[in-house]
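Subject: A structure to look at

Hello,

Here is the structure I promised to pass on to you. Have a look at it first, and then read on for what turned up.

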Amino acid sequence: MQTTRDDVYAVGDVTGIDMFVYMAAYGGKLAALNALEGNHKQYDDAIMPTVVFTDPQVADVGLTERQAKEQNINIKTSSIILNHVPRFIAAHDTRGLIKLIANKNTDKLLGVHILAPEAGEMIQTAVTALKAGMTTEDLANSIFPYLTGVEGLKLAALNFDKDVKKTIMLCWLVYLTNCEQLLSVERPHHHLSKTNLKIPKLHKHSKIKGLIDAYLRHRRSYVTEKRRAKREILG
Ligand SMILES: Cc1cc2nc3c(=O)[nH]c(=O)nc-3n(C[C@H](O)[C@H](O)[C@H](O)COP(=O)(O)OP(=O)(O)OC[C@H]3O[C@@H](n4cnc5c(N)ncnc54)[C@H](O)[C@@H]3O)c2cc1C
């Protein structure tokens with residue numbers, strides 16, 4: 001941050017790098033401390049998140065696969081599409097993917113790249129993980145709340161060792177089977193129809209009704225998804 005003139009420091013867009021509000025603020029604090037206390041503070045943008053506010057958003061932090069290779073780091077990568085992240089399936093918006101880059105020797109997380117609706121809201125968890133020096137195993141073993149986008153980070157981490165696609169499809173299969181079982185228990189000889197929802201017994205169980213509502217609303221896509229899941233898992 002110190003310029004060619006010892007008593008002049010530069011931060012923000014004028015430096016030509018990291019042209020973001022939060023980097024100007026970060027650099028400003030360091031520059032002030034360096035100017036007053038001697039040049040002890042190092043500007044470090046290795047774990048700097050970026051967000052592009054497109055639709056879907058693009059957010060990333062750390063090394064890309066190419067950058068890691070250029071640094072001769074022995075890497076492994078994991079990518080999952082949003083069709084395998086429950087939050088995005090439920091929201092009916094599965095445009096995008098999550099990619100993790102990790103050191104193959106140490107398992108340490110090196111970079112996270114997200115293309116997703118609200119990717120900007122997800123990236124800070126990755127920043128924290130990188131800052132803490134987490135491994136992909138640490139990330140995979142962390143507890144994430146179900147039905148959040150950020151849970152996709154855990155699934156992508158799990159995907160290094162397991163086929164997350166199959167696990168997620170299995171979950172959907174169980175969910176669909178449960179729905180069908182519930183329906184057949186409540187009305188064994190009736191076809192599915194909107195009138196089923198009016199059964200007073202169901203109204204008492206709002207959770208069950210919610211499941212059935214969801215099932216009826218999206219039955220066609222669920223049936224297709226179920227067939228696909230069966231094929232994927234069994235075949
Ligand atoms: C359209 C747009 C969208 C952006 N969106 C985001 C975003 O979502 N998130 C994000 O982090 N960043 C965003 N940025 C980038 C962000 O605005 C800049 O990185 C940030 O403002 C840089 O701060 P700065 O203090 O270095 O410069 P500036 O904020 O540009 O401040 C420089 C100030 O110096 C003043 N000045 C210039 N010349 C002189 C002079 N001779 N004498 C006195 N004053 C002078 C200017 O009037 C200005 O007020 C966006 C930028 C643009 C253009």
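Let me start with a single residue. Glu65 is partly exposed, because 17 other C-beta atoms lie within 10 Å, and a residue counts as buried only at 20 or more and as exposed at 12 or fewer. Please keep in mind throughout that this is a predicted model. Glu65 belongs to helix H2, which covers residues 65-70. Leaving out residues up to four places away in sequence, Glu65 touches Ile75, Thr77 and Ile101. One of these, Ile75, is 10 residues from Glu65 in sequence, and their C-alpha atoms are 7.9 Å apart.

Now for the wider view. The protein has 10 helices and 5 strands. Of its 235 residues, 23% are buried. Counting contacts between residues at least 6 apart in sequence, 60% join residues at least 24 apart.

The sheet

How are the strands arranged? An open sheet is formed by 5 strands in the order E1-E2-E5-E4-E3, with antiparallel pairing. At the edges are strand E1 (50-52) and strand E3 (75-81), each pairing on one side only. On average, neighbouring strands of the sheet are turned by 10 degrees against each other, ignoring direction.

You can follow the pairing from strand to strand:
- E1 and E2 are antiparallel and share 3 bridges; Thr50 has Asp60 in E2 as its bridge partner.
- E2 and E5, also running antiparallel, are joined by 6 bridges, and Val61 is partnered by Val112 in E5.
- E4 and E5 pair in the antiparallel sense over 6 bridges, with Lys99 opposite His113 in E5.

E4 and E5 also make a hairpin with 5 residues between them, and Asp107 in that turn has a positive phi of about 70 degrees. E5 is mostly covered, with 7 of its 8 residues buried. Helix H4 packs on the sheet, where it touches E1, E2 and E5, and its direction makes about 10 degrees with that of E2.

In soluble globular proteins, nonpolar side chains tend to be buried together. Here the largest nonpolar core has 32 residues, and Leu109, Ile114, Met122, Ile123 and Leu153 have the most contacts inside it. At least two residues each come from strand E2 (57-62), strand E4 (97-103), strand E5 (109-116), helix H4 (119-131), helix H5 (136-141) and helix H6 (151-158). H4 gives the most, with 6 residues.

Apart from neighbours within four places in sequence, Leu153 is in contact with Ile98, Val112, Met122, Thr125, Ala126 and Leu139. What about H6? That helix is largely enclosed by the rest of the structure, because 6 of its 8 residues are buried. The buried residues of H6 are Gly152, Leu153, Lys154, Leu155, Ala156 and Ala157.

The ligand

Finally, which residues surround the ligand? They are Gly12, Asp13, Val14, Met19, Phe20, Val21, Tyr22 and Ala24. This shell divides into 6 nonpolar residues, 1 polar and 1 charged.

I hope this helps you find your way around.

Best wishes

Technical notes. Residues are numbered from 1 along each chain as its sequence is written. This is a predicted model: local features need pLDDT of at least 70, side-chain atom pairs count only at pLDDT 80 or more; totals for chains, interfaces and linings use all residues. A residue is near a molecule or strand if its C-beta atom, placed from the backbone, lies within 6 Å of it. Ala, Val, Leu, Ile, Met, Phe, Trp, Tyr, Cys and Pro count as nonpolar, Asp, Glu, Lys and Arg as charged, and the others, Gly among them, as polar. A nonpolar core is a set of buried Ala, Val, Leu, Ile, Met, Phe, Trp, Tyr and Cys residues joined through C-beta atoms within 7 Å. Helices (H or I, at least four residues) and strands (E, at least two) are DSSP runs, numbered from the N terminus. Two residues are in contact if their C-beta atoms, placed from the backbone, lie within 7 Å. Two strands pair if DSSP finds at least two bridges between them. Axes are lines fitted to C-alpha atoms, for helices over the stretch in contact, and angles run from 0 to 180 degrees between N-to-C directions.
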